[in-house]
Structure formats: C-alpha cells, structure tokens
Amino acid sequence: MSDVKKFMFVNRKAPYGTIYALESLEVVLITAAFDQDVSLMFLDDGVYQLKKGQQTKGIETKNFSPAYRALEDYDVEKLYVDKESMDARGLTEEDFLVGVTVLSRAEMGALMDEQDVVLSF
Amino acid sequence: MKFGIVVNEGPYQHQASDSAYLFTKAAIENGHEVWRVFFYHDGVNNASKLTEPPQDDRHIVNRWSKLAEEHKVDLVVCVAAALRRGIKDENLAQGFRISGLGQLVEAGIKCDRLVTFGD
Amino acid sequence: MLHIVNKSPLTSNTLESCLNTAMGGDILLIEDGVYAVTRGTAVEAKLRAAMGKFRVHVLMPDLDARGLGDRLVEGVLPVDYAGFVELAASNKTCQSWL
C-alpha cells in the first residue's frame, strides 16, 4: 500500500481492569505492519500500561507488557507520555519499561492536531 | 465523503452501537458513503444472530444487517476479538463478515474520516 | 479537529482531560457527555470558561432523552445526527475521548 498516514493511538485506560489496553496494542502492531506512521500517546490512567514489573500470575492473565518493548522491532518508536498524568500517579520515567518522550499537555494537543487518524479504545 | 466507523461496545449494554448506527444512517441520508463499519472489543457481539430482544425494543443486530443490505455497508467483525467472545461464522448475523484487524487499518487509510464509538 | 466526549463530567475526568489537552476547535458532547452542557451543575463554570477556546456542540437527541433539553447552557450549539456528521466531515480528524 503506497499511501502512508499518520496514525495516533491515544491510550487513556489502565491495563487488566479492562481489555482495551491489550486489544489496542494488537491494532498498533498491525498498523505498523501496514507501514504507517505510528505514534502512541499515554494519557491519564493509560500511563499505567507502561509500568515496569507487572506480575500477572496471581490473576491468571497474560502479562502483555513485554510487547511494548517489541514495538521498536516494528519501527514504532514514537511513544509519548503526558507529564501531568505521570506526576499525578507518582511515577517517573524510570518506572517505565520502555524509553518514552515526556511531553506537556499542550505539546500532546499539538501532536494530536497533526494526525490523519486518531484511534482511542 | 467516505466514512469509516469503529464500534467498540456490545449492543444493549452501552449506547455506543446505537450512536454508531444513527450516525451511519444520517451520513448515508446526507449523501456520504459509509465504506466500512468495524466491530472490535465487545463490539463483536453486535454480530450475533442469536440476539433476541423483547418485541417492544429495537433489534440492534437486525438493524445493522438491514443497513448492510440496503446500502452495501461492509460490516466487519474482528476475528481475534470475535473468537475470544464466541462469535463465529455459525452464529454470525446476515451482512456481517469476520476478518482481521488489517481491515480496520485499511479503513483508516482509505476513508476520509474514521469515527469511533465506544466506552 | 473534532473532539467527541461521551462521559459525564461529574463521574469522569474525560472532559477535563480533553479541555486541558486539545488545542481548540470543535467539541461535541454525546451520550452521557451531554450532562456537561446543562445549567446549574458543579462544572458549569469550567464549561463556560472552555467556551472561549472551543466551539462546544451537543447532540440534542441525547440531551432530550435524558430530560434536560430545556437546560442547555447558553451559547452551546445544538446538533442532530446530521449535524454530527457535518461536524465530522468539516474537521480533518476526529478523536473520541474514550
């Protein structure tokens, strides 16, 4: 497919409590496989998706967090975290299992405006 | 204008499917094309032909089927999400088809606008 | 850009998050989001402040369904489903704040 669009995935939901984070990640991987320009935005409780050290044995659910680390194999390297959301949850960049770019709300808003397709689950 | 629609919630539990349907209908009535409706997450439950609402309620599943038939709207159910939730070809309502997530990405690429309805 | 919000601002931070993040443009309140544009709520002042930066629209069938069609905050623009389609068509992109 020749046409490349800018796809942004806005993640505002925590993992495990609902399936949205996992199924969203599945769309991200497929979109990357279509050679689209993909970026991910983590906002509000969505920042919890990136927390290091998730241990899911006790809830008998698959730990899908390692998949965020695999994103760079698909050339998905634009991961943006909202600073305000991170601070509000007592988290710092060291808490995340992948390298991210921390942005202000205004910077997030400007990025959103540049997209062709914005998906949020 | 060419629209793509994404439905992320099941029928009856959440208003998302109703909103998506009414949006789709209005788009068609106003001369736009709805190229594809993609059902994801619990949205796949909109495709179950086993659905039987009480007689005085709207039939959400049949309403989608009718729209597909009358206006050639492509109703696509995500295969991975569907299998997780017990939606298969044997209980798939008329006008729906099961396919991969690539169909959602394709809608994002081909449509002028993609509008998502969910929780 | 069109921002679509479907949660009540009294139980969810979705509208607040949208207002704090988005650059401006159109906001459409649908489903339980419509409670944000009714007079006399605890969030009315915040909504009125946002109306300087955004064009705020409400899907009237959703407001009417909830019995609040007569309490619309002045200046909020009512639309029907055709108006919703028009908003989605006239903006280059739309984001549903789910």
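**Pockets, cavities and chain interfaces of the predicted model**

The largest pocket holds about 180 Å³ of space in this structure, which is a predicted model. Residues of chain A and chain C line the largest pocket. Chain A contributes A:Arg12, A:Lys13, A:Ala14, A:Asp44, A:Asp45 and A:Arg89, while C:Lys7, C:Ser12, C:Asn13, C:Thr14 and C:Leu98 come from chain C. By class, the lining of the largest pocket comprises six charged, three polar and two nonpolar residues.

Rolling a probe the size of a water molecule over the atoms shows where empty space is left. Two cavities of 30 Å³ or more are present in the structure. The largest cavity contains about 60 Å³ of space, and its lining is drawn from chain B and chain C. In terms of secondary structure, at least two lining residues each are provided by β5 (113–117) of chain B and by β1 (2–5) and β5 (94–97) of chain C. The lining of the largest cavity consists of six nonpolar residues, four polar residues and one charged residue.

Residues from chains A, B and C form its lining: A:Asp116, A:Val117 and A:Val118 from chain A, B:Asp112, B:Arg113 and B:Leu114 from chain B, and C:Lys92, C:Thr93 and C:Cys94 from chain C. β5 (117–120) of chain A and β5 of chain B each give at least two residues to this lining. Four nonpolar, four charged and one polar residue make up the lining of the second largest cavity.

The contact between chain B and chain C involves 21 residues of chain B and 18 residues of chain C. About 1,500 Å² is buried between chain B and chain C, with 61% of this area on carbon and sulfur atoms. Of the area that chain B buries against chain C, 32% is supplied by B:Gln15, B:Phe23 and B:Arg113, a share that exceeds that of any other three residues. B:Arg113 also belongs to the lining of the second largest cavity. On the side of chain B that touches chain C, α1 (16–29) and β5 of chain B each supply at least two residues. The largest share, six residues, comes from α1(B). This side of chain B contains 10 nonpolar, eight polar and three charged residues.

Chain B also meets chain A, through 18 residues of chain B and 20 residues of chain A. The area buried between chain B and chain A is about 1,700 Å², and carbon and sulfur atoms account for 62% of it. B:His41, B:Val105 and B:Ile109 together provide 34% of the area that chain B buries against chain A, more than any other three residues. Side chains of opposite charge can pair when their charged atoms come close. Three salt bridges are found across the interface of chain B and chain A. A:Glu26 and B:Arg84 form a salt bridge in which the closest N and O atoms are 3.0 Å apart. Polar contacts link 10 residue pairs across the interface of chain B and chain A. At least two residues each of the side of chain B that touches chain A come from α3 (79–84), α4 (102–110) and β5 of chain B. α4(B) gives the most to this side, with five residues. The side of chain B that touches chain A is made up of nine nonpolar, five polar and four charged residues.

Over all chains, the count of salt bridges comes to 27. A:Lys6 and A:Asp37 are joined by a salt bridge with an N to O distance of 4.0 Å. This pair connects distant parts of chain A, with A:Lys6 in strand β1 (residues 6–11) and A:Asp37 in strand β2 (residues 37–42), 31 residues apart.

Technical notes: Residues numbered from 1 in each chain as written. Chains lettered and ligands numbered in written order. Predicted model: local features only at pLDDT ≥ 70, side-chain atom pairs only at ≥ 80, totals over all residues. Heavy atoms only, no water. 1 Å grid on protein atoms, 1.4 Å probe; cavity = no way out; pocket = protein on both sides within 12 Å on 5 of 7 lines; lining within 4 Å. Points joined across faces, edges and corners; volume = space filled by probe spheres on them. Helix = DSSP H or I, 4+ residues; strand = E, 2+ residues; numbered from the N terminus. Nonpolar A, V, L, I, M, F, W, Y, C, P; charged D, E, K, R; others polar. Contact = heavy atoms within 4.5 Å. Buried area = accessible area lost by both parts, 1.4 Å probe. Salt bridge = Lys/Arg side-chain N within 4 Å of Asp/Glu carboxyl O. Polar contact = N/O pair within 3.5 Å; in protein donor to acceptor, adjacent residues only side chain to side chain.
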